[in-house]
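Dear colleague,

I am passing on the structure below, and my notes on it follow directly after. Please read them with the sequence and the coordinates open beside you.

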Amino acid sequence: MPRKKYKTITESDRHTIERAYMVERKEPKEIATALGVALSTLYLEISRGYTGDESDGRPSYSADVAQAATRRRGRSFAR
């Protein structure tokens, strides 16, 4: 059975997530499908970019916070 190919979330993807999640108020499942990533990957990304605020019961997400966290982890895949 062939191995599944995984997609790394890029900085551009993070800005797409921020716009779709925070501005357009799309559901995570819809965003994950559009980006071609697993739903669990998107939830991990949302937690990585969590700003500490909640808007209407949703955690606030910032692409810049998520990108900084990625760089701190030592993985600079998202260039």
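In this predicted model, helix H1 passes helix H2 in a right-handed crossing. The contact is made on the H1 side by Asp-13, Thr-16, Ile-17, Ala-20 and Tyr-21, and on the H2 side by Pro-28, Ile-31 and Leu-35. The axes of these two helices come within 10 Å and cross at roughly 150°; because an angle over 145 degrees counts as roughly antiparallel, H1 and H2 are described that way relative to each other.

Leaving aside residues up to four places away in sequence, Tyr-21 touches Lys-26, Pro-28, Ile-31, Ile-46, Arg-58, Pro-59 and Tyr-61.

Glu-30 also has its place in helix H2, and with a relative accessible area of 44% this residue is partly exposed. Glu-30 lies ten residues from Ala-20 in sequence, while their C-alpha atoms are 9.2 Å apart in space.

As to confidence, the protein chain averages a pLDDT of 89, and 89% of the residues score at least 70. The mean is highest in H1, at 97, and lowest in strand S1 (residues 50-55), at 88. Where pLDDT is low, the predicted coordinates should not be read in detail.

With best regards

Notes:
Residues numbered from 1 in each chain as written. Predicted model: local features only at pLDDT ≥ 70, side-chain atom pairs only at ≥ 80, totals over all residues. Heavy atoms only, no water. Contact = heavy atoms within 4.5 Å. Helix = DSSP H or I, 4+ residues; strand = E, 2+ residues; numbered from the N terminus. Buried < 20%, exposed > 50% of the residue type's maximum accessible area, 1.4 Å probe, protein only. pLDDT = per-residue confidence, 0-100. Axes fitted to C-alpha atoms, helices over the stretch in contact; angles between N-to-C directions. Parallel < 35°, antiparallel > 145°, perpendicular 65-115°, else oblique. Left-handed = near helix turned anticlockwise from the far one by under 90°.
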